[in-house]
Amino acid sequence: MHARAVAATATALLGAAALLSPVPAARAGDAAEPTVLAHRGASAYAPENTLAAVDKAAALGFTWVENDVQRTKDGRLVVIHDDSLQRTTDVEQVFPGRAPWKVKDFTAAEIARLDAGSWFSRSYTGTRVPTLAQYMRRIERNHEKLLLEIKNPELYPGIEQEILKLLGDEGWLDRRHLGRLVVQSFSADSLRVVHDLRPDVTTGYLGTPSVASLHRYTGFADLINPSVDSISAGYVNTVHSVDGPHGRRLRVFTWTVNDAVTTWKAVGYGVDGIITNRPDVVRAALRAS
C-alpha cells in the first residue's frame, strides 16, 4: 500500500476511534497533543539511561527524559534500570567472580569502571553508568525535564530521602525546577514517602490501579502511569475525573509506545503523556494524526 493511502487510512481510523471512545471533549478536538517523554533517554538510538541517550533525546528536539535510579553498595545514587549490572554492562568480564552482579553489591568506583555502551553498539564503547548527580547536570545543561523513577525502593531503604537531598543539592527543588520534575515509582509506599517529605514534588504511580481503588492514590499521586496495553479511553476518562493531592485532576502518562498505530491508540484514549524509546516516531505519528 502506498504511504499516502496508509496515512489516509490511519487518520480515518483514528477519527473513528475518537468518535466511538468516551474521550473528554477537551482532548477529542484540537487540544494540545500529549507530551512525549524519551524512555531511558532516546534509548532506541543510544544505550539506555546514559548521558549519550540524554544527549540524543536533546538532539532530536525532546525536552522530557525518563530514567531509573538505584543505589550502590557505598550509598551513591546511579542511573540504571535493572537491579543487576549484567545486561547493560561488561561486569561479567571485569568482575567475573561476583555473580549475580547486583547494583547494590558494587561500589560507585567499581561501577564507574564498567563499559555501559558496547552491548548496544561498538560506537558507544566506553560509555559509563552515570551517577544521578552527573545525570542531573547533563539534563540541566541540555535544558531538559525529568521523569525520575525510583527503582526497586524495597532494596534501598531510605533512598527517597537520599534522592530528594541530591535533587535539592543540585538545585532541582526550587520553584523554577519543580515544574520540570516528576518522581514516579511502582511502589505506592515509596511515593507516599516522597509526598510526605516534599508535597510540592509532582509524583506519579506506575501501574494500572482498578477504578474502585483509585481513591487510595489521590492523597499522594498526581499522575497514574499505566502500560498502554492495560488501559482504555474509559479508564483514562475515569482517572481524569479524580482529583489528586493538589486539587487538580489526575493525569496519565502511558508506556511504552514505539510505533505509529499504538501512538494513535494512546491519543484516542486521551492520555496526557506518551513514554517511548522512539520519540521521533511518536512525534511523527502525532503530526500525522
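Is Asn-225 buried or exposed? Asn-225 is buried, because its relative accessible area is 0%, and buried means under 20%. The model behind this value is predicted.

## The chain as a whole

The chain has 289 residues, of which 51% count as buried. Its secondary structure comes to 12 helices and nine strands.

Among contacts in the chain with a separation of 6 or more, 60% are between residues 24 or more positions apart.

## Asn-225 and its surroundings

Asn-225 belongs to strand β7, which covers residues 223–225. With its neighbours within four places in sequence left aside, Asn-225 is in contact with Gly-204, Tyr-205, Leu-206 and Gly-207, and also with Leu-147, Gln-184, Val-252, Phe-253 and Trp-255.

## The nonpolar cores

The largest nonpolar core has 42 residues, and Leu-132, Leu-148, Ile-163 and Leu-167 touch the most other members. Several elements give two or more residues to this core: the helices α3 (51–59), α6 (132–141) and α7 (159–169), and the strands β2 (64–71), β3 (77–79), β4 (145–150) and β5 (181–185). Another core, of 25 residues, lies apart from it; Leu-191, Tyr-217, Val-252 and Val-282 are among its members.

## Helices α3 and α6

How do these two helices lie against each other? The axes of α3 and α6 come within 10 Å and cross at roughly 15°. This angle makes α3 roughly parallel to α6, because angles under 35 degrees count as roughly parallel. The crossing in which α3 passes α6 is right-handed.

Where the helices meet, α3 brings Leu-51, Val-54 and Asp-55, while α6 brings Gln-134, Tyr-135, Arg-138, Ile-139 and Arg-141.

## Tyr-269 in helix α11

Tyr-269 lies in helix α11, which covers residues 260–269. Tyr-269 has a relative accessible area of 16% and is therefore buried, since the cut-off for buried is under 20%.

In sequence, Tyr-269 and Val-228 are 41 residues apart. In space, the C-alpha atoms of Tyr-269 and Val-228 are 9.4 Å apart.

Definitions and conventions. Residues are numbered from 1 along each chain as its sequence is written. This is a predicted model: local features need pLDDT of at least 70, side-chain atom pairs count only at pLDDT 80 or more; totals for chains, interfaces and linings use all residues. Side-chain values use heavy atoms; hydrogens and water are left out. Helices (H or I, at least four residues) and strands (E, at least two) are DSSP runs, numbered from the N terminus. Buried means under 20% relative accessible area, exposed over 50%, partly exposed in between (1.4 Å probe, protein chains only). Contact means heavy atoms within 4.5 Å. A nonpolar core is a set of buried Ala, Val, Leu, Ile, Met, Phe, Trp, Tyr and Cys residues joined through side-chain atoms within 4.5 Å. Axes are lines fitted to C-alpha atoms, for helices over the stretch in contact, and angles run from 0 to 180 degrees between N-to-C directions. Angles under 35 degrees count as roughly parallel, over 145 as roughly antiparallel, 65 to 115 as roughly perpendicular and the rest as oblique. A crossing is left-handed if the near helix is turned anticlockwise from the far one by less than a right angle, and right-handed if clockwise.
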